[in-house]
Amino acid sequence: MPQSDGLYYTISGGGACSFPPVLLIHGAGTSYQIWPFEMRRLTRYQIIAVDLPGHGRSEGTACHTVEAYTDRILSFLHSLKIVKTVLVGHDMGGAIALSAALRPAGIAAGIGLISSGAFLGGETGIVNELATPFGHSYGLQLIQNQSFGSQAKPELVKSTMQMLGKVRHGVLYSDWRACAGFDLRSEISHLKAPLWAAVGDEDSLTPPTFSRFLVDQLPGSALQVVAGAGHMLPLENGLEVVLGLRAFLERIEFSRRQAGIYDTFLNDEYSSSHTQYGMFG
């Protein structure tokens, strides 16, 4: 995995120089591996999946606020000389995507939210349990109880919880604390970029009402509700998410062509320095 600004990431596909790269931002306590393999190698688009600070293979420590994570993501994009991108995030990653899209720099060419919203709530009970080493195990159990839909396979639940169980205590707590303090509901109407929201109809952490709020606030946005899926939608029903993202990107492409927009979002220095990586997971 290459590294930039202290953050590790994967990159796949060349994409068209006239279409912005797609940045995948994972959620609380996870890493780039939350994304289905098919999404990280989505043909015809350049896909970048990043590990947030303190997560996966990235350096540093976890942040306590979504705004602090947003600062790191914007710094990461700047280090790659990316001035426009489609921001796609799961859970807390969606909150980071929204926060970045509302910054004055106008970085967002599109916003994809998966199991997320303009408000996350943070489940106070879980945050309180994760606050101390003594409550960590029970906090993980609470997360498991609320993270999966009825159709999630037992082996998926087990492997996901094993993954979260290996995350440093301070990282998981910081992430859930960041989620608890996030609320951009009063600012959503200022978004200019097209938006797609995908959510499982059995998601109890960021229920469909969170996504519907966004769609109601932003005419022309798209809502995808996946039956039988919970909060871990990319893992539970990755194919549906991949199809939804592809349709969203194609809609952005069509709109850009109709408007006659053919900007270059990756400068020559970035493009030439990354061809060596090709496609990998």
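In which sense do strand β7 and β8 pair, and over how many bridges?

Author: Happy to! First, a heads-up: this is a predicted model, where local features need pLDDT of at least 70 and side-chain atom pairs count only at pLDDT 80 or more, while totals for chains, interfaces and linings use all residues. Residues are numbered from 1 along each chain as its sequence is written, and side-chain values use heavy atoms, leaving out hydrogens and water.

Now, your pair: β7 (residues 195-200) and β8 run parallel, joined over five bridges. (Strands are DSSP runs of E, at least two residues, and helices are runs of H or I, at least four, numbered from the N terminus; two strands pair if DSSP finds at least two bridges between them.) Look at A197, whose bridge partner in β8 is L223.

Zoom out, and eight strands make an open sheet with mixed pairing, ordered β1-β2-β4-β3-β5-β6-β7-β8. At its edges sit β1 (3-4) and β8 (222-226), each pairing on one side only.

Then there's helix α2 (residues 66-79), which lies across β1, β2 (7-12), β3 (22-25), β4 (47-50) and β5, at about 145° to β3. Helix α3 (residues 92-101) packs on the sheet too, touching β3, β5, β6 (108-114) and β7, and its direction makes about 150° with that of β5. Those angles run from 0 to 180 degrees between N-to-C directions, with axes fitted to C-alpha atoms, for helices over the stretch in contact (heavy atoms within 4.5 Å).

Finally, find H90 in β5 (residues 85-90). H90 is buried at 2% relative accessible area, where buried means under 20%, exposed over 50% and partly exposed in between (1.4 Å probe, protein chains only). Leaving aside neighbours within four places in sequence, H90 contacts residues including I25, W35, I114 and H231.
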